[in-house]
Amino acid sequence: MLGHVAIRLLQALVVMLVMSMLVFVGVYAIGNPIDVLIGPDVSQELRLQTIARYGLDRPLWEQYFTFLGRVLHGDFGRSFVFGMPVMELILSRLPATLELTLAAVFGAALIGIPAGIYAGYRPDSVAAKLIMTVSILGFSVPTFWIGLVLIMAFAVELQWLPAGGRGETVSLFGVQWSFLTANGLSHLLLPALNLALFKLALMTRLARAGTRETMLTDTVKFARAAGLSEWTVLRRHVLRLIAIPLVTVFGLEFASTLAFAVVTETIFSWPGIGKLIIDSIQSLDRPVMVAYLMLVAFVFITINFLVDLAYVGLDPRLRKGGAR
Amino acid sequence: MSEASPVARFWAEFRESKVAVAALAVVVLMIGLALLAPLVAPQDPYDLANLSLSDARRPPGFVGSGGYTHWLGTDAQGRDLLSAILYGLRISLQMGLVAGALAFTLGVALGIGAAYAGGRREAFIMRVIDLQLAFPAILLALVLSAMLGQGKLQLIAALAAAQYAYFARTAHGAASAERGKDYVEAVLSTPLPPMRVVWRHIFPNCLPPLIVVATVQVASAIALEATLSFLGVGLPVTEPSLGMLISNGFQYMLSGRYWISIYPGIALIVLIVAINLVGDRIRDQVNPRLKR
């Protein structure tokens, strides 16, 4: 089992290194960053000086290693637009995104999994059909459009909830959080719901598909024949068997929620890193783009690694196979 | 019964689901409307001579200076929204289908190629594809369209690059299963060229799962394009897709002029849901675990 973990860890490191190369080449080597840094009317001498100062006259591989060395020290340079270190900028925006993402993913799992198991357990009931119809909608309807409808319904027409922003925040461990104040919570509700709907549909469908297939297997037939109650069959056998795909999706979806947060944050003017990356793409703020991409890659690779570890814990076949 | 062609048998089974048939009818209708947009739309929404600012932002049912009723209202430039939606549908469908076809070709070539090649090459290709699948398509498309810049071709490239991996994985799975079967071994032992074996024997047997993926991916390409255009990193303003129409109406929503955003959105959703329902039905039909 330790060997398995070590191999996965090594793979993760290699992937991270490859990602850093791709990001570097993609963002820095395509187009000419010098045109963003200085105006076209500066003298040729100053232009060459600036190029030399940023090391842009060096060969690409040398630039890459300089870049990598700085990244390893947590230095992503300064934002062209905000004029502050990128790391500081991202760290100041991260809690808002984290708060939104966690609220969405946990909300989706807590509602979606029970709903899906029910729909798979009683596939012909009216409630199951209703659940599936709603889940198809949640799956198909683009996030940004649901966001618009939520704003229209709850903020413009009913005026129950605010249409954007983070509301009041409270400082905890030196970080600002919205979910600890009533006002902040009311600001969090709509964006979190918006972000959760896609995951909710996905979890429901996965749980349903898994339950439907598992209910037809011999495992369930034997468990019933042994006289176990339906509740025990569902909890001890069905849930255990469908847990593996669900954990995978939960982990991966947590990471992809970070990506979808870009959309939700833009609609609800939620000041997280998703809004930051859209703004920086539009203003060609390259250091911020690089830092964001590296951060997302890091989060993804870490989560993939953790999901792999969770497999080993959940699936007795893998555990035995690795222990030999 | 046994003489019926596979397509006829497939259709007979497909027809059992009324919802799926209705969804298919909606998809066909919308494609028809998009193709015939210049003939069925009340006005050419991008001919400036037809537009009058006095008609701008009028609610549904308003009779404008053109003398006809704007059933879905007008947008900020006084454009008939129904016409704008029909023209937008054209662009959205075009993007989804072209990007989907490109992703299909690239993904299937890589997936079947890897399964056929085997060994290290297979391991390498599939490792790269698994790696890409770990990242959500929207993020890849966002980053790519940011790097490539705005434009129709750039966006098609970004969408295809973000989606081909789904086809590659499905094609690889199906092709590996076929590769191990006796009939493939048998054809391979004949002097037929390998390309012919792949094209005539392996590829057709991989089609059912690929068709399912294709429906889902075309729908999601349409949704992705709309999302990127909404965020302002997708199509240029000269290509007003449904996403662009929704984005244009967003600023008027807070003042209660809902129709500019909502109706293009409904058109988009009806299209995506209908495609997904058709895909769902095909998925159930090709899933051997649900066979009665």
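The contact between the chains draws 31 residues from chain A and 33 residues from chain B, two residues being in contact if their C-beta atoms, placed from the backbone, lie within 7 Å. Helices (H or I, at least four residues) and strands (E, at least two) are DSSP runs, numbered from the N terminus.

By class, the side of chain A that touches chain B divides into 24 nonpolar, six polar and one charged residues. Here Ala, Val, Leu, Ile, Met, Phe, Trp, Tyr, Cys and Pro count as nonpolar, Asp, Glu, Lys and Arg as charged, and the others, Gly among them, as polar.

This is a predicted model, in which local features need pLDDT of at least 70 and side-chain atom pairs count only at pLDDT 80 or more, while totals for chains, interfaces and linings use all residues. Residues are numbered from 1 along each chain as its sequence is written, and chains are lettered from A and ligands numbered from 1 in the order in which they are written.

Helix 6 of chain A has 15 residues and reaches 21 Å from its first C-alpha to its last, close to the expected 21 Å; the expected span is 1.5 Å times one less than the number of residues. Its buried residues are A:Ile131, A:Met132, A:Ser135, A:Gly138, A:Phe139 and A:Ser140. A residue is buried if 20 or more other C-beta atoms lie within 10 Å of its own, exposed if 12 or fewer, and partly exposed in between, with C-beta atoms placed from the backbone.

A:Ser269 lies in the loop between helix 10 and helix 11 of chain A. Its phi is near 45°, a positive value in a residue other than glycine. A:Ser269 is partly exposed, with 14 other C-beta atoms within 10 Å.

Chain B comprises 11 helices and two strands, and its C-alpha trace spans about 75 × 50 × 30 Å along its principal axes. Of the 292 residues in chain B, 47% are buried.

Within chain B, the axes of helix 9 (residues 194-231) and helix 10 (residues 242-253) come within 7 Å and cross at roughly 35°. Axes are lines fitted to C-alpha atoms, for helices over the stretch in contact, and angles run from 0 to 180 degrees between N-to-C directions. The contact of these two helices has five nonpolar, four polar and one charged residues.
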